[in-house]
Amino acid sequence: MTHDVRRAGSPSGAHVDAAAEAAATGRGAKGPDELRRQIERTRHQLGDTVEELAGKMDVKGRARARAEELRDRAGAMSVQMRSSAAHAGEAGKRHRKPVIITGAAVAAVVGAVMVRRHRC
């Protein structure tokens, strides 16, 4: 089995025997079973790479996924805002009486000052 391989150190287009190259580099299969395992592993890697590239090319799918992610995030923020508003409303109810009393006291003091200035 031979195929074209361009390497630094070999003339362009030189035919290199794959088995001889594998034996020289120490990466070759030690037998038919090992070779089958290597082929299967390479097929899986190639399949994963093709799936990854196909996913990157699926613009509609990526846009849908991003829109769904943003919808989920907006829903979570909406729930959080409602919770915060409810909490603020409860705090306002708890402190309503002191605020009314303070406001009335300030109004009374301002009124007294105005009456006193008007008489002088």
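Colleague: Let's start with one side chain: is Arg37 buried, exposed or partly exposed?
Modeller: Buried means under 20% relative accessible area and exposed means over 50%, with partly exposed in between (1.4 Å probe, protein chains only). Arg37 has a relative accessibility of 48%, so the label is partly exposed.

Colleague: Before we go on, what kind of model is this?
Modeller: Residues are numbered from 1 along each chain as its sequence is written, and side-chain values use heavy atoms, leaving out hydrogens and water. Local features need pLDDT of at least 70 and side-chain atom pairs count only at pLDDT 80 or more, while totals for chains, interfaces and linings use all residues, as this model is predicted.

Colleague: Which element of the chain has the highest mean pLDDT?
Modeller: pLDDT is the predictor's confidence in each residue, from 0 to 100. The chain averages 77, and 71% of its residues reach 70 or more. Strand β1 (residues 2–4) has the lowest mean of the elements, 46, while the highest, 92, belongs to α2.

Colleague: And over which residues does pLDDT stay under 50?
Modeller: A contact here means heavy atoms within 4.5 Å. The model has 20 contacts beyond four places in sequence for the stretch where pLDDT stays under 50, and that stretch is residues 1–16.

Colleague: What pattern does the chain follow along the sequence?
Modeller: Helices (H or I, at least four residues) and strands (E, at least two) are DSSP runs, numbered from the N terminus. There are four helices and two strands. Read in order, they give β-β-α-α-α-α.

Colleague: How far apart are the closest N and O atoms of Asp33 and Arg36?
Modeller: These two are three residues apart in helix α2 (residues 32–57), so about one helical turn separates them. Arg36 is exposed, at 55% relative accessible area. Asp33 and Arg36 form a salt bridge, and the closest N and O atoms are apart by 3.3 Å.

Colleague: Which residues are linked in a network of salt bridges?
Modeller: Arg73 bridges to Glu69 at 3.3 Å between the closest N and O atoms. They are four residues apart in helix α3 (residues 59–94), which means about one helical turn. Arg73 is partly exposed at 45%, and so is Glu69 at 38%. The linked residues are Arg66, Glu69 and Arg73.

Colleague: What about the surface: which residues form a nonpolar patch?
Modeller: Patches take residues with over 30% relative accessible area and no salt bridge, joining like charges within 9 Å and nonpolar side chains (Val, Leu, Ile, Met, Phe, Trp, Tyr) within 5 Å. One member lies in helix α4 (residues 96–119) and is exposed, at 53%. With about 280 Å² of accessible area together, the members are Val106, Val110 and Met114.

Colleague: Last one: how much accessible surface does the chain have?
Modeller: Accessible areas come from the Shrake-Rupley method with a 1.4 Å probe, and for residues only the protein chains shown count as cover. Buried residues make up 5% of the 120 in the chain. Carbon and sulfur atoms account for 60% of the accessible surface, which comes to about 10800 Å².

How values were computed. Salt bridge = Lys/Arg side-chain N within 4 Å of Asp/Glu carboxyl O.
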